[in-house]
Each structure stands twice: as structure tokens, then as C-alpha cells.
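I opened this notebook to record what I looked up in one structure. The entries follow the order in which I consulted it.

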Number of protein chains: 2
Amino acid sequence: MDEVGDVPASILRAIAEVEAPDAAWSARAAERQARLTMPPGSLGRLLEIGRQLASIQRTDQPVADPALIAVFAADHGIAMAGVSAYPQEVTGQMVRNFLSGGAAINVLAARVGAQVRVVDFGVAFPPEDVDDLALHIERIGPGTANFLERPAMSRSQAFRAVEAGLRLADRWTRDGGFRVIALGEMGIGNSTTASTLIAALTDSSPEAVVGRGTGVDDAGLARKRAAVSRAIALHAPEIRDLWDWLARVGGFEILGLAGLAIGAAKNRSLVVLDGLISTAAGLIAARLCPAAMGSVIAAHVGTEPGHRVALDALGLEPILDLGLRLGEGSGAALAIPILAASADLLRNMATFDSAGVSGPSLTSPSPPG
Amino acid sequence: MDEVGDVPASILRAIAEVEAPDAAWSARAAERQARLTMPPGSLGRLLEIGRQLASIQRTDQPVADPALIAVFAADHGIAMAGVSAYPQEVTGQMVRNFLSGGAAINVLAARVGAQVRVVDFGVAFPPEDVDDLALHIERIGPGTANFLERPAMSRSQAFRAVEAGLRLADRWTRDGGFRVIALGEMGIGNSTTASTLIAALTDSSPEAVVGRGTGVDDAGLARKRAAVSRAIALHAPEIRDLWDWLARVGGFEILGLAGLAIGAAKNRSLVVLDGLISTAAGLIAARLCPAAMGSVIAAHVGTEPGHRVALDALGLEPILDLGLRLGEGSGAALAIPILAASADLLRNMATFDSAGVSGPSLTSPSPPG
């Protein structure tokens with residue numbers, strides 16, 4: 001469907017500036033990998049990741065440091081529909097926890113040597129008395145509206161959320177030189193928002209995408225499924241373009257992450273998808289900007305069924321499968337050492353020549369007798 | 001079958017000293033995990049790993065640092081049967097490469113902050129002019145005999161290899177305080193040895209276990225399968241106990257790793273299995289000392305079919321599945337940050353109380369209308 005003509009020029013320009021990774025550098029990295037002291041292909045997925053980094057960075061000796069984990073937080077009106085096991089206050093409480101270093105993502109980021117940046121995209125009960133320097137503010141509103149009653153946000157709010165993500169990508173890559181940017185999030189109710197977006201954008205049934213999120217019981221799961229069905233039925237007649245879906249059933253932090261993904265790809269960073277919500281953001285980025293997809297990688301597949309649906313729609317094979325369902329960027333954090341190792345191998349391994357190691361026998365050896 | 005009565009007292013004593021992990025500490029760690037600021041169970045496999053470390057270390061706040069990757073190298077007479085894509089000289093050449101830091105395992109270990117120790121268990125063409133301090137020597141012989149013609153080694157050599165592994169575990173845990181010990185290896189032909197051991201110990205067919213190793217062609221694969229079949233047919237009539245299998249179709253470095261695994265478990269370190277050969281060593285350790293198994297974890301499953309056969313026999317679910325087939329401890333290295341993160345979460349995350357974060361609603365929330 002054609003896009004309605006109100007999309008800001010800043011967004012259209014950023015999308016147009018994204019270049020697909022350069023396959024010629026992937027081929028050169030493959031040549032280099034063939035000379036490294038190991039049997040050809042014996043490091044499997046790590047070699048693929050190395051070639052992807054090479055094609056993004058236009059070098060056969062890529063790097064994956066420094067890495068950033070962005071945690072975008074916002075609240076969701078749909079939380080009022082009894083779709084989460086947690087009260088809405090938890091979003092702001094967890095933002096405070098991120099800032100004081102007590103959340104899972106802080107512990108995981110410290111382990112893998114990644115930096116964490118926390119952004120308030122519209123938390124309903126924002127934490128008070130927090131350090132302005134630690135918490136970046138890009139509030140699009142005090143949480144979205146309940147999309148069972150009205151659009152979650154206006155189109156102009158959707159544009160602002162994506163623009164904020166694009167702007168943060170530019171600033172962070174310029175100031176921090178990040179080569180890897182992971183999409184993390186926090187928002188009570190956002191697994192229902194993400195499931196609705198994934199169902200709408202992939203034309204999947206609510207049954208195929210909706211899971212228990214942070215852990216709703218059977219009644220909560222039934223309410224989530226009903227909410228997704230009703231939301232799609234309510235808004236589908238009004239849809240003119242992709243942005244109408246994003247505004248009507250989206251979330252501020254999810255659209256912010258989609259903007260961040262496009263902006264990171266524009267800046268030749270590798271974009272690392274985390275869980276259900278993060279992968280919904282990746283799916284939006286791919287629909288807005290197909291050229292960005294060559295710069296995206298999926299860190300893991302978790303227990304939410306919609307996560308796999310979105311990964312399949314993106315054609316991405318996850319690196320890890322550890323039964324995670326936390327979000328925050330936790331699975332992405334765990335993939336970071338694997339990404340970094342993939343780059344390290346290309347830069348730091350010896351070649352057969354340099355190490356004086358014999359290559360494979362040219363012909364199949366014969367048995368002695 | 002009963003064990004022949006010549007097993008050294010040192011081995012029997014070490015096996016008897018291994019204690020199974022303490023399930024009470026696993027339960028206490030689970031209680032602690034339930035108070036951490038995340039939805040219950042939302043970090044999946046990482047929580048299981050944290051509980052395993054807790055039960056091994058008898059604490060609810062375990063650590064996984066420092067970590068050691070042991071690379072045991074030896075040669076195999078079966079390499080003469082045309083079962084490898086590489087000449088036997090490569091084992092010693094790669095030992096030199098490990099010592100100069102140019103191999104994959106060096107690059108991966110540096111990334112994950114693990115130490116590498118290289119041990120010559122019987123390399124046919126050992127590197128000359130290497131630093132005695134860097135290369136530990138436990139040569140059981142100049143490589144094994146071709147087990148298509150005679151036993152790979154004597155029983156007394158098999159005992160010596162296991163004893164050396166036990167001794168190294170004691171020394172390394174005493175001097176280095178390692179909480180995680182990964183089993184890595186190098187040896188041209190050792191995927192055929194490992195496949196034979198796995199087929200013999202699990203009563204599996206050669207077709208089910210034999211793969212291409214470092215990359216033999218179809219003719220080489222056929223020779224490997226035939227070699228495994230012939231080896232088992234040749235030696236089976238002479239088998240009196242497990243040690244007869246280990247001596248007749250084993251490898252010095254594989255038996256050394258089995259000893260290292262038992263010794264590491266005795267010293268309450270987590271034992272990390274890597275690929276096919278490493279997992280064969282884990283299988284031997286489990287048969288010699290079932291109590292050690294609670295201290296063992298599988299880092300990954302690779303492309304060799306026998307790897308999965310051995311993991312299934314051990315009842316282990318691998319952490320990673322990245323299409324690896326290198327060995328050296330490479331897959332184990334990649335799992336180390338995940339092990340470490342699992343321990344970090346138990347020590348360093350905030351609790352709901354300490355962070356002022358609300359827990360889940362006690363009852364399923366009701367929709368507003």
C-alpha cells in the first residue's frame with residue numbers, strides 16, 4: 001500500500017541513506033578465513049558472523065568493540081486490559097533499577113564488556129530524583145493509550161519516536177564509536193503490543209504469536225489473545241499504510257528501537273535483536289527500510305511463540321536458544337562475546353603460512369595396505 | 001563386567017573421593033533467584049547453570065572465574081589408515097601454534113578471559129625449541145599404535161594417562177583456583193579414535209557416530225566408518241572390562257582429559273565438555289566415575305553425529321549449537337561467558353525488596369470493563 005504523504009523528510013532521508021552491506025568484503029573475509037589455521041569452515045556460525053561484520057564495515061579485519069545495549073522504556077495503555085502479571089508501576093521502578101545497576105541487563109552487560117544506555121520514551125510513573133546524565137529523556141507521552149479503545153498514539157507521535165531513535169543512533173555512533181548496537185527494552189504490557197504488531201505485519205493469527213510474556217496465568221493468556229484479536233479487528237478497517245499500524249497498535253519504545261536499528265545500519269553498526277519486543281522493532285525497521293536488514297542479526301530465540309514468527313518473517317536464524325523471556329537486551333548481551341570472537345578470529349588468528357602449519361593433503365590420503 | 005584387578009590405587013582413590021553436587025544448595029540458589037528483579041524463570045538456562053554452580057560450590061552465590069581451557073595433544077596410529085584430511089605432522093605444528101598464540105583457541109580464550117594450558121600427551125613430531133614453561137609434558141608414548149593392527153596402548157599406559165589428568169586437575173585447582181575447567185584437545189586422527197570409543201561404549205553403529213572430522217572427502221568418510229567397524233570387531237572378543245576398551249581403541253589425550261574431568265569434579269570445579277573428542281572423554285569419565293557427572297556441562301553440539309550420540313548417552317543438553325567442528329576447546333570457550341553470567345546473576349542482581357520493585361500481582365488482574 002502507498003505511504004500517506006505526511007512522513008517527515010528526516011525519516012525518509014535516513015532510510016534512503018542506508019546502504020546494504022558490501023558482499024565483496026564478505027568474499028574477501030572468506031578468502032582470509034580460508035588461510036587461518038583451522039580446517040575450512042570448522043568454526044561454523046562464527047565464520048558467517050565474521051563475514052557479515054566484514055561486509056558491514058568494508059574490511060576483512062572487522063571489530064565488534066565497543067558494543068552498546070540500548071534499553072528503551074515506555075508504558076502501554078493495553079496494560080490496563082489485564083494482560084500482564086505485573087502492575088504498570090514496575091516500568092519506572094525497573095528504570096531506576098537499570099540506573100542503579102541492579103537489573104539483569106546491568107550484570108550481563110558488565111560481564112560482556114558492553115555499555116548500557118537507558119532512555120525514557122514515555123514511562124507512566126517515571127522514577128524521581130534520578131541523575132539526568134544517566135537517564136536519557138525522549139518522552140513521546142506518558143505511555144500509550146489503550147489500543148482496544150483508540151489508537152495507541154498519533155501518527156505524529158509515531159514519527160517522533162522513530163526520529164528519536166534515528167537521532168540517538170547518530171549521536172551514539174559518533175560519540176561512542178559503537179560497532180555493535182543491541183536493542184533492549186522495558187515496558188509492562190509491551191509483549192502484547194509487540195504480539196499485535198507481529199500478528200498485523202506478518203498476517204499471523206493471535207494464537208500463533210501470543211505467549212505468556214512475563215508470566216500471565218491461563219486467564220491472562222486468554223485475555224492477551226482476545227486483546228490482540230480485538231485490536232486487529234478494531235483498527236484494520238482504518239489502515240492506509242504501515243505507519244497507521246505503527247501508530248494504532250505500536251509502542252513508543254518499540255518505534256524508538258526501529259528508528260535506532262535503521263540509524264545504526266546507516267552508521268554501519270551491527271544491529272542485534274534481542275527478544276519478542278526487540279524483534280518486533282527489527283521487523284518494523286525491515287519493513288520501513290529493507291536495506292537495513294543486512295546489518296541485523298538475531299541474538300536468540302526465546303519462549304514467546306511470536307518471537308520465532310517474527311524471526312522467520314525476517315529470515316533470521318538466532319545465535320542462541322536458552323529459553324529466555326526477559327527482554328532488557330539480555331539475550332543480545334549474551335551473544336556479544338560470540339560476535340566479538342567472530343571478529344577477533346579474522347584479525348588475530350595465524351595463517352597456515354605464518355604459523356608453519358601444513359594444510360590439508362591435496363589428495364585423499366591412501367590407506368597403507 | 002567386573003574390573004580387572006590391576007587398576008592403580010591412585011585412580012580408585014580419586015574416583016571414590018568425588019562427591020556429587022549438593023542439591024540442597026541448588027534449592028537455596030533457586031530461592032535466591034526467585035527474589036531477583038526479573039519475572040520468575042525468565043532467564044531460562046542461565047538459572048539452571050547458576051543452580052548447578054551453586055550445588056557444586058556449596059553456596060548460593062557461586063563464581064565462575066577463573067576459567068581454564070586445557071588443550072591436551074597427542075597423536076594416533078589410526079591416522080595411518082587414511083582417516084584424516086591432514087598429515088600427522090600437523091599435531092605438533094598446532095602445538096607450536098597454541099604456544100605462540102595464533103590458534104583459534106588462543107583468540108577465543110583471550111576474548112572470554114580464560115587461561116589456556118597446553119600439554120603434550122604424546123605428539124609424534126613434537127615441536128622443537130619451545131619454552132619448557134609454556135608446554136607441559138606428560139608424554140605417555142610417541143603417539144598410539146594403529147588399533148587396526150594392535151591395541152592402541154597398554155593398560156598401564158591407559159592408567160598413566162588418566163593419572164596424569166587427575167594430577168593436573170589437583171595441581172591446577174590448587175595453584176590457579178579454577179572454578180571452571182574446559183576439556184580441549186588436538187590430535188590428527190582423534191575424531192576416529194573418539195568415534196570408536198563412543199560406538200563401543202554406547203553400543204552404537206559406526207554409521208551413527210562417524211562424521212567427516214576436519215573434512216575428509218567421501219572416500220575418507222568410508223575409510224573412517226570401515227576403520228571403526230573393523231576396530232570394534234577386532235578388539236571386542238578381548239574385552240574384559242572398560243579399561244580394555246580404553247587401552248585398545250583409546251588415545252593418550254582423551255584418557256588424560258577423562259582423568260582431568262574426574263579430578264576437576266573432585267576439586268569442585270565445573271567441567272565443560274567441548275566437541276566430539278572432548279565429549280568422548282566426558283563419557284569415559286562418567287563410566288569410570290558416575291558421581292562426577294553432576295559437575296559436567298556440555299558447551300555445544302557440533303556437526304559430528306557422534307557428538308550428539310555421546311551427549312545423549314550422558315543425558316546432557318548442550319548450551320550452544322553453532323555448527324562447530326574444530327575442537328581445541330573452541331565451543332567450550334564460547335560457553336564460558338554464559339557460565340560466568342549465570343553465576344554473576346546470583347551474586348550481583350538486586351532483589352525486589354532491595355530495589356523497591358513490585359513483584360507480580362498476587363491475583364490475576366481483572367480487565368477494567
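Predicted model: local features only at pLDDT ≥ 70, side-chain atom pairs only at ≥ 80, totals over all residues.

**Entry 1**

I began with the strands of chain B. I found 6 strands in an open sheet, with parallel pairing, in the order β3-β2-β1-β4-β5-β6. I then asked which strands stand at the edges. They are β3 (135–137) and β6 (296–298) of chain B; each has a single partner strand, so one side of each is left without a neighbour in the sheet.

Next I examined one pairing in detail. Strand β2 (residues 115–122) of chain B runs parallel to β3(B), and 3 bridges join the two. Within this pairing, V119(B) has H136(B) in β3(B) as its bridge partner.

I then looked up which helix packs on the sheet. Helix α6 (residues 155–176) of chain B does so, and it touches β1 (67–74), β2, β3 and β4 (180–186) of chain B. The direction of this helix makes about 155 degrees with that of β2(B).

**Entry 1: the interface of chains A and B**

I turned to the two chains together. On the side of chain A, 64 residues are in contact with 64 residues of chain B. The area buried between the chains is about 5,100 Å², and carbon and sulfur atoms give 62% of it. Y86(A), R111(A) and L322(A) supply 13% of the area that chain A buries against chain B, more than any other three residues.

How many salt bridges are there between chain A and chain B? I found 4. R111(B) forms a salt bridge with D344(A), and their closest N and O atoms are 2.7 Å apart. For polar contacts across the interface, the count is 17 residue pairs.

Several elements give two or more residues to the side of chain A that touches chain B, among them α3 (44–57), α9 (218–235) and α14 (330–348) of chain A. The largest share, 9 residues, comes from α14(A).

**Entry 2: a glycine in a loop**

Finally, I located G101(B), which lies in the loop between α4 (89–100) and α5 (104–112) of chain B.

Notes
Residues numbered from 1 in each chain as written. Chains lettered and ligands numbered in written order. Heavy atoms only, no water. Helix = DSSP H or I, 4+ residues; strand = E, 2+ residues; numbered from the N terminus. Pairing = 2+ DSSP bridges. Contact = heavy atoms within 4.5 Å. Axes fitted to C-alpha atoms, helices over the stretch in contact; angles between N-to-C directions. Buried area = accessible area lost by both parts, 1.4 Å probe. Salt bridge = Lys/Arg side-chain N within 4 Å of Asp/Glu carboxyl O. Polar contact = N/O pair within 3.5 Å; in protein donor to acceptor, adjacent residues only side chain to side chain.
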